[in-house]
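Here is a short note for someone opening this entry for the first time. Please keep the structure in view while reading the points.

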Amino acid sequence: MAERLRFLPAGSDVFLVELDDLATTQTLLDRLLAARPAGVIELVPAARTLMVRFDPLVTDQAHLVAVISRIDLSVRSTRQGQTFEIPAAYDGEDLVDVAEILGWKVEELIRRHTEATYTVAFTGFAPGFAYMTCDDPAFDVPRRRSPQVRIPAGSVALGGKFGGIYPSDSPGGWQVLGRTPLKMWDVSRPRAALLAPGDRVRFHEIAKGAVVPVAVNLEKQPETASPAAGLVVTRADRPALYQDLGRPGRADQGVAESGALDRASLIGANLCVGNPCDAAGIEIAFGGFGLKADRPVTLAVTGAPAPLSIHTADGRIVPAPFGRPFALDAGDDLTLGLPPEGMRSYLALRGGFAVESLLGSTSSDTLARIGPAPIATGDLLVPANGPAAAVDPFRPAQVSLPKAGETVTLDVVLGPRTDWFTDKGVKTLLSQEWQVTAESNRVGMRLAGAEPLERRNVAELPSEGTALGSIQVPHSGQPVLFLADHPLTGGYPVIGVVARHHLDLAGQIPIGASIRFNAVAAFDPLIREPDR
């Protein structure tokens, strides 16, 4: 029988394939993994959708839609994995509420939860977070109406028809039943994520605070010598972060791409000093950063135009050029002041920084807590002395960046869930100014408008992949614009996605500025019945 496929725009270089059920979604994923079309960068499976991200220099949406439409999905995939016994203390804050929703006593809820078998369907949201289906169909619980700011690591929770275990402290809207002491994500293991698609899970009850033996990697880890020399951080008003161009292609472990929020500025800083484009630099928010050189070095700063001053070893104060390479001698101090526009500056060192790579990147992912620790006052920045080409002495064209109080226009591709909103809701998105609130960070910008976005469909949305730049709308109707450290999957509808050419600009919008969204063309939603 032919399968119904619905193709939904989800950005300039992303679309969703909506299918009838989880089994069909997993089958499509397996077919594409076995014969990945040229140009496909990332595949993110979810409950009834598969998110496809592609390189527009290699392929396009129309070609991929045609390829996917021809795939035979009549024979379902089967997956086999390991079986895990997960200890859990049933003391969660939502335990009583869930029992009431299901019409059970708490004791019956715990009994049925421990008797059920869960199977990992897909990973997402955060590294090590496994979405698990249950063989007891009665477990179907709505998410919390108001998501929690912090759900502790190890929380055993329910959301819709899925079960899950939070691998780290994070915000979330699932109903928490209890906690397990087991680590769901541990980079010291050969497979960092404890659970993978196809694995089966059984829970057993333990007393609160019980000590559970956990298998550890007994292989002796090499000792890391403390660096003896480097550039000393003399000031860091806010933690600065190592960033490169991110870690794409890790969705199978629930890991988002992350990386610099203003990629063009990081690339520009590296080109200034002759580094490879993807070398690690330092992302500095709102200036307030300083360092002292212990050797002659060549640096460059791009992005938000922070005033640069050099305090030389002989007591002079001289300005340093912005957007061009400059030298420090041993004993010189560099200070970055508050930029008059924009938000994030990028510091590159000729030859690069010696910083550990994890999963193919040196980026610090603030949501997943993957990558190097934030840079603080007193830290050493160790030069890698890597290969470098000639420096670029020409100042790149400086783009005007937004200031607090100003209004910025961002192009958006409407979809994938525009039809979940009324015509008035879509008009409100595009006609109203949205202020960037103080509850904004590298995960996303929380926006506030005079009128919330009105939804047509108030049902629970099954979790699905979310692209960089997605404008997700929770029940409050006040949207969140996802930035580089956003979760891979989400359970609230996405009304639109910032166009690829405006993502760097979005990363430079400061708190207190306002945004207007301008709709740009994308392909219309398509429904295809494959010709078998």
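1. Start at Ile515. Setting aside neighbours within four places in sequence, Ile515 is in contact with Val408, Leu410, Gln432, Glu433, Trp434, Val436, Met445, Leu447, Leu481 and Ile509. Keep in mind that this is a predicted model.

2. The largest nonpolar core has 31 residues, and Leu410, Met445, Leu481, Ile515 and Phe517 touch the most other members. At least two residues of this core come from each of β25, α6, β26 (434–436), β27 (444–448), β32 (494–498), α7 (503–506) and β33 (514–520). The top contributor is β25, which gives 3 residues.

3. Now the whole chain. The protein chain holds 7 helices and 34 strands. Its radius of gyration is 24 Å, close to the 24 Å that the globule rule gives for 532 residues, so the chain is as compact as a globular protein of that length. The C-alpha trace spans about 75 × 55 × 45 Å along its principal axes.

4. How much of the chain is buried? Buried residues make up 55% of the 532 residues. The accessible surface comes to about 22500 Å², and carbon and sulfur atoms account for 55% of that surface. Among contacts with a separation of 6 or more, 74% are between residues 24 or more positions apart.

5. Look next at strand β4 (residues 49–54). 6 of its 6 residues are buried, so β4 is largely enclosed by the rest of the structure. Both faces are covered. Thr49, Met51 and Arg53 lie on one side, with Leu50, Val52 and Phe54 on the other.

6. Which strands pair with β4? Strand β2 (residues 14–18) runs antiparallel to β4 and is joined to it by 5 bridges. Within that pairing, Val14 has Arg53 as its bridge partner. Strand β3 (residues 40–45) also pairs with β4 in the antiparallel sense, over 5 bridges. Here Val44 stands opposite Met51. A hairpin through 3 residues joins β3 to β4.

7. Check Arg417. This residue sits in the loop between β25 (407–414) and α6 (423–431). Is Arg417 buried or exposed? Arg417 counts as buried because its relative accessibility is 3%, and buried means under 20%. Not counting residues up to four places away in sequence, Arg417 touches Arg6, Leu8, Glu18, Thr49, Leu461, Glu464, Pro493 and Val494. One of these contacts, Thr49, is also a buried residue of β4.

8. Pro416 is found in the loop between β25 and α6. A cis peptide bond joins Gly415 and Pro416, with omega about 10°. Most peptide bonds are trans.

9. Turn to helix α5 (residues 263–272). Its buried residues are Ser265, Leu266, Gly268, Ala269, Asn270 and Cys272. The cover over them includes β15 (241–243), β16 (281–285), β18 (297–303) and β23 (344–349). Just after α5, Gly274 takes a positive phi of about 80°.

10. There is an open sheet to trace. It has 6 strands in the order β20-β19-β22-β17-β14-β24, with antiparallel pairing. The edge strands are β20 (317–319) and β24 (380–381), each of which pairs on one side only. Inside the sheet, strand β19 (residues 308–311) and strand β22 (residues 333–336) run antiparallel and are joined by 4 bridges. His311 has Asp333 of β22 as its bridge partner.

11. Most residues other than glycine have a negative phi. Phe286 is not a glycine, yet has a positive phi of about 60°. Asn385 is not a glycine either, and has a positive phi of about 55°.

12. Where do these two residues lie? Phe286 is in the loop between β16 and β17 (289–292). At 21% relative accessibility, Phe286 counts as partly exposed. Asn385 lies in the loop between β24 and β25. Asn385 is exposed, with a relative accessible area of 59%.

Key: Residues are numbered from 1 along each chain as its sequence is written. This is a predicted model: local features need pLDDT of at least 70, side-chain atom pairs count only at pLDDT 80 or more; totals for chains, interfaces and linings use all residues. Side-chain values use heavy atoms; hydrogens and water are left out. Buried means under 20% relative accessible area, exposed over 50%, partly exposed in between (1.4 Å probe, protein chains only). Contact means heavy atoms within 4.5 Å. Two strands pair if DSSP finds at least two bridges between them. A nonpolar core is a set of buried Ala, Val, Leu, Ile, Met, Phe, Trp, Tyr and Cys residues joined through side-chain atoms within 4.5 Å. The radius of gyration is taken over C-alpha atoms; the globule rule is 2.2 Å times the number of residues to the power 0.38. Accessible areas come from the Shrake-Rupley method with a 1.4 Å probe; for residues, only the protein chains shown count as cover.
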